[in-house]
Amino acid sequence: MDFESRVELAYRTVLEPGDFALDIGAHRGRHTVPMAQTVGVEGRIWAFEPLPTARLELHSALENARGAGGLADVHVRPEALSHRTGFSPYVFVSNWPEYSGLRERVYDAEVELKSLQVQTLRLDDALEGEPRIRLIKVDAEGGEYDILRGGAGRLASDRPVILFEFGDHGITGYPEVTSALMAELLIAADFDLFDILGRPLDREAFVRSSDEQSVWDYAAVPTEAGDVRDRLLEALTRAS
């Protein structure tokens with residue numbers, strides 16, 4: 001099953017022309033480009049990607065897409081988002097760059113690791129003075145919990161839809177983080193949880209799913225946004 005296509009379906013269902021959205025862990029632009037196409041020339045996308053080689057490919061993908069027109073203003077940012085602002089070592093997986101992140105994780109093959117130094121930034125600090133965000137897509141190889149707790153203020157004020165990757169293999173480098181903590185963070189902030197297949201999840205079901213890892217992409221929708229939730233679940237269910 002192609003989960004990346006389902007993630008794209010999810011943000012294409014939620015986003016509208018003129019929206020402001022974030023692609024955190026943008027990598028080569030697999031989602032940055034279609035997000036920018038969806039919000040159109042009146043919209044804005046911020047793409048966070050700390051890996052220099054990936055940023056070069058991201059810029060190239062954006063240049064190619066601009067030729068067709070109708071693309072949002074995309075601001076590519078080099079910081080690694082986290083729960084604190086500063087500097088940190090960054091694990092570059094040279095033979096598998098998409099698995100690079102702030103900490104090591106369980107890898108599914110033999111890897112070659114190198115260390116880089118990157119700036120870290122809290123999401124709330126990054127967005128100070130910026131307009132309301134409509135959607136956050138985050139794929140940070142285990143750093144998702146720290147990113148969202150670093151953006152707790154914006155989650156409370158902006159009430160964005162959140163599309164995020166999560167699984168027990170990804171958080172092995174974060175011994176202080178558990179799937180239960182991730183579920184509790186979102187549920188306590190009044191978000192409804194679903195997997196990318198459109199199945200509702202309570203805390204216990206999310207913990208089981210994170211352990212099983214048959215699905216590793218999820219959606220969190222503000223509880224009060226019933227129309228958005230229903231539209232998104234209908235799209236995901238229809239695609240099953």
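This is a predicted model: local features need pLDDT of at least 70, side-chain atom pairs count only at pLDDT 80 or more; totals for chains, interfaces and linings use all residues.

User: Which strand pairs with strand 8 in the parallel sense?

Analyst: Strand 7, residues 135-138. The two pair over 4 bridges.

User: And which strand runs antiparallel to strand 8?

Analyst: That is strand 11, residues 217-222. Here too, 4 bridges join the two strands. In this pairing, I162 stands opposite A220.

User: How many residues of strand 8 are buried?

Analyst: 5 of its 5 residues, 161-165. Both faces are covered. V161, L163 and E165 are on one side, and I162 and F164 are on the other.

User: New topic. What is the strand order in the open sheet of 3 strands?

Analyst: The order is 4-6-5, with mixed pairing. Strand 4 (80-82) and strand 5 (86-93) each have a single partner strand, so one side of each has no neighbour in the sheet. Neighbouring strands are turned by 50° against each other on average, direction ignored.

User: How many bridges join strand 5 to strand 6?

Analyst: 8, and these strands run antiparallel. One of the pairs is P89 with Q117 in strand 6.

User: Now H31. Is it buried or exposed?

Analyst: H31 is buried, because its relative accessible area is 4%, and the cut-off for buried is under 20%. H31 lies in the loop between strand 1 (20-24) and helix 2 (32-39).

User: What does H31 touch?

Analyst: Leaving out residues up to four places away in sequence, H31 touches E4, V7, E8, Y11, D23 and K137. With E4, the side chains make a polar contact of 2.6 Å.

Technical notes: Residues are numbered from 1 along each chain as its sequence is written. Side-chain values use heavy atoms; hydrogens and water are left out. Two strands pair if DSSP finds at least two bridges between them. Axes are lines fitted to C-alpha atoms, for helices over the stretch in contact, and angles run from 0 to 180 degrees between N-to-C directions. Buried means under 20% relative accessible area, exposed over 50%, partly exposed in between (1.4 Å probe, protein chains only). A polar contact is a pair of N or O atoms within 3.5 Å; within protein, one must be able to donate a hydrogen and the other to accept it, and residues adjacent in sequence count only if both atoms are side-chain atoms. Contact means heavy atoms within 4.5 Å.
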